[in-house]
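Trainee: Could we go through this model together? I'd like to start with one of the loops.

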Amino acid sequence: MGGSVYGCEEIVLRADQTLKEAVQLFICYEINEIPVIDHQRREIGRLTWKMLLKALADKWDDDTTIKALWNAQETAVEHIEEQPADVLSKSDTSVSELITEIQQLKLELQEAHSMVEMMKTVLDSAYEGIAVVDAQGIIREINKAYCQFLGIRREDAIGKHVTEVIENTRLHICIESGIPERGFIQKIFDQPMVVHRIPIWREGKVVGAIGMLIFQGVSEVYQIFQRVQELSRQASQKERQIKRAASPKKQISGLDSIVGRSPAIAEIKQMVRRAARVPSTVLITGESGTGKEVLAKAIHQSSPYVDGNFVSVNCAAIPESLLEAELFGYEEGAFTGAKKGGKPGKFQLAHKGTLFLDEIGDMPLYMQAKILRVLEEKKVERVGGVAEMELDVRIIAATNKNLEEMVQKGQFREDLFYRLNIIRIHIPALRERKMDIPYLLAYHMERICEQFGLKQKEFTKEAMQALMDYSWPGNIRELVNVVEWLVGMVDGQKIEKEHLPSHILSSALFIKNSHEREERKNSIEQTDAHWQDIVDYYEREKIKQALIEEKGNKAAAARKLGMHRSTLYEKLKKYNL
Ligand SMILES: Nc1ncnc2c1ncn2[C@@H]1O[C@H](COP(=O)(O)OP(=O)(O)OP(=O)(O)O)[C@@H](O)[C@H]1O
């Protein structure tokens, strides 16, 4: 604090202290005047609230020293000789009341401001997408999760009518009807989403509405999952059989084949939509089994190349000696054993379609050069052939390797890397987007049961929790295998935790133990932190009270508090008093 102790007994100000420090002292000690001392600690004047207020009202900078103010404006600090002993007049008291009122208002304003900030933080920390509209349906607030999901910026959404920003919204209708709509299904980006719409009532009128998009939060997802299971139970087996007989099995394709509701998946779908619009090369990265090929197919199926073939080549699986012929094809008699009439290569088969080069990181360097040439010249020549064929192929490459690192080590051609890396889509591992797990389990369970002609099975809550806790090192491919194994192994309709493969169970047990350890530790830490806050609060209040009672005399306050003066100084510093 700016104040110092004159003879260790009084609250005083040095002439070189600033107006700001003076204000702090006045507020802290709730007094109306403070003696001003020189460097020899002689009292040279007194500063009252009124003078200080006048100086600040006259637009003096609060960093101005008392001395500077004094020099410039003789009246700011009244000299002892000119100053009657009782400096406080009636008007000083009312000024002081006014200042207290201003301070109070300032505090209230600060509180309101921090409340607004806190509300914003709360909104942005929510897992759900939240949008707030006014009575006219204009978006007044929208949180980060919603913006991420919609792929928009908050500032672009605010001020717009909700129908311009959120597809199939009924928030404006909810304002008119005043009836809340909970757990409704709303299609956004072709995905059925669960939403709540809650009207805001004030003084008997609807003044706005809150829209909540539920796409995160494990418990919520689990409830939704249970509801989906409940609904599918309700649809009778017979009904499904009739439907199946009437229409051949619907092939799920395009964006629908990408199952998941995590923000990461929403963003990926957005990228797929954009990538499908242009013929540029796409590079998909992600661990093995994360769904790179599923994504590549989705791009193909949503793009203008959909009428051509989707040709997939696993560069790691084809022996090096055959790779060239596989990719570019060969002419009859090109080499011993070459088929009669020759054979078209994958590039040629993918003409007017999409060529998916999986595991591109495993492509030998000499083949990389050849592929680059095809990509640049858009022409292909068969092995042993002379004529070149024009190509119109969309290339999608995928890898689970770090291509940047391979380029640095000289294991991957830099020019090819840049040629492929035009649109980059990264798929996070399943353990990084756990909220997708229930959806993937439900999707593959339904698919596999249907494929095997079996009744649908469902997971108990405990089984689902264990599957959620598991880290899925093999990603979705491993999940699909586990579902298939369970469909075959479990006789009844319910999949209990005990039915799960042993490696998943042991990992769940380990996680449960470490969760419990962590929770115990957190609760102890939280209790400690809580108590420390309470102790600090009361100590600060006691010190403040003692200083007020002793009129700012720290030595007397320390005596009153039963603590050494140096301890009091430390505490004043700690509590910023
Ligand atoms: N988003 C998804 N929704 C539904 N199923 C998925 C999804 N992603 C992947 N799968 C399933 O997971 C399995 C593996 O997917 P895919 O072959 O596309 O992975 P990958 O990343 O290409 O694997 P690898 O790197 O080993 O080639 C497939 O059975 C696929 O159907």
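Mentor: Tryptophan 472 sits in the loop between α19 (461-469) and α20, where helices are DSSP runs of H or I, at least four residues, numbered from the N terminus. This is a predicted model, in which local features need pLDDT of at least 70 and side-chain atom pairs count only at pLDDT 80 or more, while totals for chains, interfaces and linings use all residues. Residues are numbered from 1 along each chain as its sequence is written.

Trainee: What is the phi of tryptophan 472?

Mentor: Tryptophan 472 has a positive phi of about 45°, although it is not a glycine. Most residues other than glycine have a negative phi.

Trainee: Is tryptophan 472 buried or exposed?

Mentor: Tryptophan 472 is buried, because 23 other C-beta atoms lie within 10 Å and the cut-off for buried is 20 or more (exposed is 12 or fewer, partly exposed in between, with C-beta atoms placed from the backbone).

Trainee: And where is lysine 551?

Mentor: Lysine 551 is in the loop between α21 (502-549) and α22 (554-561), and has a positive phi of about 50° without being a glycine. With 14 C-beta neighbours inside 10 Å, lysine 551 counts as partly exposed.

Trainee: Switching topic, which helices supply the shell around the ligand?

Mentor: α12 (292-302), α18 (437-452) and α20 (475-489) each supply at least two residues of that shell.

Trainee: How confident is the predictor in the protein?

Mentor: The protein averages a pLDDT of 80, on a scale of per-residue confidence from 0 to 100, and 80% of the residues score at least 70.
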